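Hello,

Here is the structure we spoke about. Please open it first, then read the notes below it.

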Amino acid sequence: MDLLGWIFIGLLAGAIAKLIMPGRDPGGCIVTMLLGIAGALLAGFVGRLAGFYAPGQSAGFIAAILGSVAVLALYRWFAARR
């Protein structure tokens, strides 16, 4: 059930990241939402390394959005270099 929660929060965070960073993405909406899931996982991992979250605790929604924006920015940067 925990993984399903991560996926749901990541999908929402990816949609909000798309609203924060409008523009044309090479992958479209589905790739943006998958990047949102990756951003939520990144936020949880970095938060655990920084000591913000306990080992069994997931990242908050705001952190998931910030992670999604970071992953989306990296994706756009690498896609533009091609």
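Axes are lines fitted to C-alpha atoms, for helices over the stretch in contact, and angles run from 0 to 180 degrees between N-to-C directions.

This is a predicted model, where local features need pLDDT of at least 70, side-chain atom pairs count only at pLDDT 80 or more, and totals for chains, interfaces and linings use all residues. Residues are numbered from 1 along each chain as its sequence is written, and side-chain values use heavy atoms, with hydrogens and water left out.

Helix pair
The axes of α2 (residues 28-50) and α3 come within 7 Å and cross at roughly 125°. The two helices, α2 and α3, are therefore oblique to each other. Their crossing is right-handed (the near helix is turned clockwise from the far one by less than a right angle). Helices here are DSSP runs of H or I, at least four residues, numbered from the N terminus.

Surface patch
Phe8, Leu12, Phe61, Ile62 and Leu66 form a nonpolar patch on the surface. Together they have about 520 Å² of accessible area (Shrake-Rupley method, 1.4 Å probe). Patch residues have over 30% relative accessible area and no salt bridge, and nonpolar side chains are joined within 5 Å. A salt bridge is a side-chain nitrogen of Lys or Arg within 4 Å of a carboxyl oxygen of Asp or Glu. α1 (2-20) and α3 (61-80) each supply at least two patch residues. The largest share, three residues, comes from α3.

Single residues
Phe61 lies in α3. It counts as partly exposed, at 34% relative accessibility (buried is under 20%, exposed over 50%, partly exposed in between). Ile9 is in α1 and is partly exposed at 29%. Ile9 and Gly36 are 27 residues apart in sequence and 8.3 Å apart in space, C-alpha to C-alpha.

Best wishes

Conventions. Patches are made of residues with over 30% relative accessible area and no salt bridge: like charges are joined within 9 Å, nonpolar side chains (Val, Leu, Ile, Met, Phe, Trp, Tyr) within 5 Å. Buried means under 20% relative accessible area, exposed over 50%, partly exposed in between (1.4 Å probe, protein chains only). Angles under 35 degrees count as roughly parallel, over 145 as roughly antiparallel, 65 to 115 as roughly perpendicular and the rest as oblique.
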